[in-house]
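Reader: I have a structure open and would like to go through it piece by piece. Can we start with the strands?

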Amino acid sequence: EMCIRDSILGYANADENIRAVILNGSRANPNRKPDPFNDFDIVYLVRDLTPCKEKAYYKDFGEILVFERTDESELFKEHFPEFVCYLMQFADGNRIDLTVSSIDRWEGYCYDDRLSVVLLDKDNALPKLPEPNESTHYVKKPTERMFFDCRTEFWWVSPYVSKGLWRGQLLFAQTHMESCIRKMLLQMMKWYAGTLHGFDYSAGKCGDALKDLLPADIWNGYLETFAACTEEDIWRALFKAGELFTKLTKRTAKALGFTVTDEYDRRVTSFLKYTKDLPRNAKTLDFHVDRPQAKCNMG
């Protein structure tokens, strides 16, 4: 770690155009567990950005494995003239996410992320930053509107998954399962963890930290919502996700003092079950929520 940091600072010290260096992200986190795969999120603040647009920074810090330039991308149609950004993976395992920006734009790089440390300030132009902490990454307590928007989105998209499965469109079903159903389920898990431990916590990348914050039945239940891309397994995962989401919304709503009256759990789940049993040659739908054969008790 010190070797690559020395290289980053040595390069900056040798270049008169670079006036300051800031470290952001996980490497600035005092609670970070030692991990050789943590990125070095580095900001070079310069007097003149123009020559930096033409520099090949990936040549300067070791043997490159792969890199991409994300301030200019034809694939993603991105053009950001106010900075340069190289994401660089080196053969020795180090990774540097390097942003180069003008010194007069320092404020956002210092304050947008509380995991920020000034490594170099040649002109003493930057403020003394507070000790880094994870507060900008904390899970935020939801408003009542946010809670119900999450709930509605989950149940609104669920029939998209069932529709894809009925049609035999496995990629359509799986994509909606992962891009929205999982996103809303994970959000509700974060809020539920907040009701248990307070909202001054970070859920980690992709929610991995929740494993130690949630009851085992919730965490293990969440793992069961991942599916192989087969019709049978996506159906299983969809119903498991609905069951878990129902449990989470009940517990979270009770803890936050919200009242759930919409019955989306029962009504939408009934429709999902109807769709699962619908013959593939059906030309019309004849579904009614309260028909005995369509009822589903979610507990």
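Reader: How many bridges join S6 to S7, and do they run parallel or antiparallel?

Author: 7 bridges join S6 to S7, and the two run antiparallel. This is a predicted model, in which local features need pLDDT of at least 70 and side-chain atom pairs count only at pLDDT 80 or more, while totals for chains, interfaces and linings use all residues. Residues are numbered from 1 along each chain as its sequence is written, and side-chain values use heavy atoms, with hydrogens and water left out.

Reader: What counts as a strand, and what counts as pairing?

Author: Strands (E, at least two residues) and helices (H or I, at least four) are DSSP runs, numbered from the N terminus. Two strands pair if DSSP finds at least two bridges between them.

Reader: What sits between S6 and S7?

Author: They form a hairpin with 4 residues between them. Glycine 93 in the turn has a positive phi of about 100°. Further along the pairing, phenylalanine 83 stands opposite serine 101 in S7.

Reader: How many residues of S6 are buried?

Author: 8 of its 8 residues are buried, where buried means under 20% relative accessible area, exposed over 50%, and partly exposed in between (1.4 Å probe, protein chains only). Phe83, Cys85, Leu87 and Gln89 point one way from S6, and Val84, Tyr86, Met88 and Phe90 point the other way.

Reader: ok, and in what sense do S3 and S6 pair?

Author: S3 and S6 pair in the antiparallel sense, over 5 bridges. Arginine 69 stands opposite tyrosine 86 of S6 there.

Reader: Which strands does S2 pair with?

Author: S2 pairs with S1 (residues 18-24) in the antiparallel sense over 6 bridges, and with S7 (residues 95-102) in the parallel sense over 7 bridges. On the S7 side, valine 46 stands opposite serine 102.

Reader: Is serine 102 buried or exposed?

Author: Serine 102 is buried, because its relative accessible area is 17%. Not counting residues up to four places away in sequence, serine 102 touches Leu45, Val46 and Leu49, a contact being heavy atoms within 4.5 Å.

Reader: Switching to rings. How many aromatic pairs are there?

Author: A search of the whole structure finds 23. Rings of Phe, Tyr and Trp (its six-membered ring) pair if their centres lie within 6.5 Å; planes under 30 degrees apart count as stacked, over 60 as edge-to-face and the rest as tilted. Take phenylalanine 67 and tyrosine 86: their ring centres are 5.9 Å apart and the planes are at 40°, so the pair is tilted. Phenylalanine 67 is in S3 (residues 64-69) and tyrosine 86 in S6 (residues 83-90), 19 residues apart, and the pair links distant parts of the chain.

Reader: How accessible is phenylalanine 67? And tyrosine 86?

Author: Phenylalanine 67 is partly exposed, at 34% relative accessible area. Tyrosine 86 has 5% relative accessibility, so tyrosine 86 counts as buried. Both belong to one aromatic cluster, along with Tyr11, Tyr44, Tyr57, Tyr58 and Phe61.

Reader: What about the helices, say the buried residues of H5?

Author: Those are Ile218, Trp219, Gly221 and Tyr222. They cover an arc of only 165° around the axis, which puts them on the same side of H5; the arc is that of the directions from the helix axis to the C-beta atoms. H4 and H6 are included in what covers them.

Reader: Which residues in the largest nonpolar core touch the most other members?

Author: Among its 44 residues, they are Phe154, Val161, Leu185, Met189, Leu210 and Leu248. A nonpolar core is a set of buried Ala, Val, Leu, Ile, Met, Phe, Trp, Tyr and Cys residues joined through side-chain atoms within 4.5 Å. The largest share of this core, 12 residues, comes from H4. Apart from it lies another core of 26 residues, among them Ile4, Tyr11, Ile18 and Phe90.
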